[in-house]
Amino acid sequence: MIKYALICSDCDSEFEAWFASSDAYDKQAERSLVECIHCHGTNVGKAIMAPAVSGTKKSSPPDPQKVFGKLAAKARQHVSENFDYVGDGFATEARAMHYGETEHKPIWGETTADEREALKEEGVPAEPLPPAFVPAKPRDEDKLN
Ligand SMILES: [Zn+2]
């Protein structure tokens, strides 16, 4: 279904009408079947439309909050699926990996401010996750496995 704004040149009025398609409108107009709802005249044509400024949702910029929310949700999912949660053991784990004592693997967890400073001084790479990117902590029973 398509809605057209129509103009009647007999009584100079504007009205709107629904058609099955633009083809259906064209066929009815050709055979003068499009009637003015006011004077029932058939000198009816499509109103020339200017692009509407409001209501064109497709072209309006995406809401940054929503875009960020989606990205954050993806980031959280990525972290929770690909990173091992090591809880308070983050500094120990990160240090062990840095010095080659354990295999490198993606981990996430907590440190104290002191630990974070110490890691930084030792040159152990560790970046704080933006809070929005932090996934829900695994439940304790998950951590045991
Ligand atoms: Zn009319």
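Q: What makes two strands count as a pair?
A: Two strands pair if DSSP finds at least two bridges between them. Strands themselves are DSSP runs of E, at least two residues long, numbered from the N terminus. In this predicted model, local features need pLDDT of at least 70, side-chain atom pairs count only at pLDDT 80 or more, and totals for chains, interfaces and linings use all residues. Residue numbers start from 1 along each chain as its sequence is written.

Q: Which order do the strands of the sheet follow?
A: The order is β2-β1-β3, an open sheet of three strands with antiparallel pairing. At its edges lie β2 (13-19) and β3 (44-46), each pairing on one side only.

Q: How many bridges join β1 to β2?
A: Seven bridges link β1 (residues 2-8) with β2, and the two run antiparallel. Four residues sit between β1 and β2 in their hairpin, and Asp12 in the turn has a positive phi of about 60°.

Q: Which residues does Cys36 touch?
A: Contact means that C-beta atoms, placed from the backbone, lie within 7 Å. Leaving out residues up to four places away in sequence, Cys36 touches Cys8, Asp10, Cys11, Ser13, Gly41 and Val44.

Key
Contact = placed C-beta atoms within 7 Å.
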